[in-house]
Amino acid sequence: MKKILLLALLAVTVLGLSACSQDDNVLKVGMDLRWPPFETVDEDGNATGISVDLAMELGKYLDREVEIVDLEFGSLITALETNQIDIIIGSMSITDERAEKINFSDPYFYFPLITVLNKDFYDMYMPETREDLFGITEEVSYVGPKSFVSLTIPAAEATNPVILEVNDSNAAILEVVAGTSDAFIISASSAAGYQAANPDTTVILWDPITSSPIGMGLRQADTELLADVNAFIAMLGDDGGVYEMLAEKYDDVIAEALPGQGL
């Protein structure tokens, strides 16, 4: 009887170790699937987009299965710190504040950030450059989601900013459309989509506020994974590599919102 119990216990232990081993080989990638064409879902609800494809290519490079974990952008760093995910690949700008909590990979994209303005605000002040906008001496209300550079940049550089933090980008653009906020700084592709959906109430200030470096986020202890990720990023621009594949697949999609532009 004891021998049977020991064999059963051994079997359970082996199965448990096997399951752990399988789980260890899954790379859980966190992103917010509300940001087409980078992070979104298709008509069947499946994760798709530039960042999803990039994550899948990283999985191939690491020889690990990839699981996409859909989370609100503002919760990604907490999810990483609490081991809910292994890496963030979610169009996250590299900032000093975030780098105090997590490690960033080398940049793999640079996003131009432009501004969606309320049309009445634009008609009043007619800003055409970032200097015009940030130089307005009257109060200017800047809106954006928590932890976005939409708020940190004007807070540091605008002459007289009023900062309004909201839950997400949909709430932010509604503030601008309603005229309760004046400006929303966001990536060019997102800005173009928001303005196209609200042509009578919004205007785009095309002069870039900045070019934001985008990195993959990892736990500070995961130095070996960080080295592997940076080696992967270093290969993205190789002839016939991942950048070329992504450009071929997505340049036409990007050009629909930003004529003449591509990845």
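Two rings of Phe, Tyr or Trp (for Trp, its six-membered ring) form an aromatic pair if their centres lie within 6.5 Å; planes under 30 degrees apart count as stacked, over 60 as edge-to-face and the rest as tilted. By this rule the structure holds eleven aromatic pairs.

Before you click, some ground rules. This is a predicted model, where local features need pLDDT of at least 70, side-chain atom pairs count only at pLDDT 80 or more, and totals for chains, interfaces and linings use all residues. Residues are numbered from 1 along each chain as its sequence is written, and side-chain values use heavy atoms, with hydrogens and water left out.

**Stop 1: the whole protein**

Show the cartoon. The protein has eleven helices and eleven strands. These are DSSP runs, numbered from the N terminus (helices: H or I, at least four residues; strands: E, at least two). Now show the surface. Its accessible area is about 13,600 Å², and 53% of that belongs to carbon and sulfur atoms. Such areas come from the Shrake-Rupley method with a 1.4 Å probe; for residues, only the protein chains shown count as cover.

How many of the 263 residues are buried, as a percentage? The buried share is 44%. Buried means under 20% relative accessible area, exposed over 50%, and partly exposed in between (1.4 Å probe, protein chains only).

Contacts come next (heavy atoms within 4.5 Å). Take those between residues at least 6 apart in sequence: 66% of them join residues at least 24 apart.

**Stop 2: ring pairs**

Select Trp35 and Phe148. Their ring centres are 5.7 Å apart and their planes meet at 40°, so the pair is tilted. Trp35 is buried at 13% relative accessible area, and Phe148 is buried at 11%.

Move to Phe184 and Tyr194. This aromatic pair is also tilted, with 6.1 Å from centre to centre and 35° between the planes. Phe184 belongs to strand E10 (residues 183-187) and Tyr194 to helix H9 (residues 188-197), ten residues apart. Are Phe184 and Tyr194 buried or exposed? Both are buried.

Then select Phe38, Tyr108, Phe109, Phe111 and Tyr243 together. Ring pairs link these residues into a cluster.

**Stop 3: salt bridges**

Switch to charged side chains. A salt bridge is a side-chain nitrogen of Lys or Arg within 4 Å of a carboxyl oxygen of Asp or Glu. The structure has eight of them.

Select Asp53 and Lys249. Their side chains form a salt bridge, 2.8 Å from N to O. Asp53 lies in helix H2 (residues 50-62) and Lys249 in helix H11 (residues 242-257), so the bridge ties together parts 196 residues apart in sequence. Asp53 is buried at 14% relative accessible area, whereas Lys249 is partly exposed at 46%.

Go to Arg219. Which residue forms a salt bridge with Arg219, the closest N and O atoms being 3.4 Å apart? That residue is Asp86. Asp86 lies in the loop between helix H3 (76-81) and strand E5 (87-93), and Arg219 in the loop between strand E11 (202-218) and helix H10 (223-234), so this bridge ties together parts 133 residues apart. Asp86 and Arg219 are both buried.

Asp222 is partly exposed at 21% relative accessibility.

Last, select Asp32, Arg34 and Asp168. A network of salt bridges links these residues.
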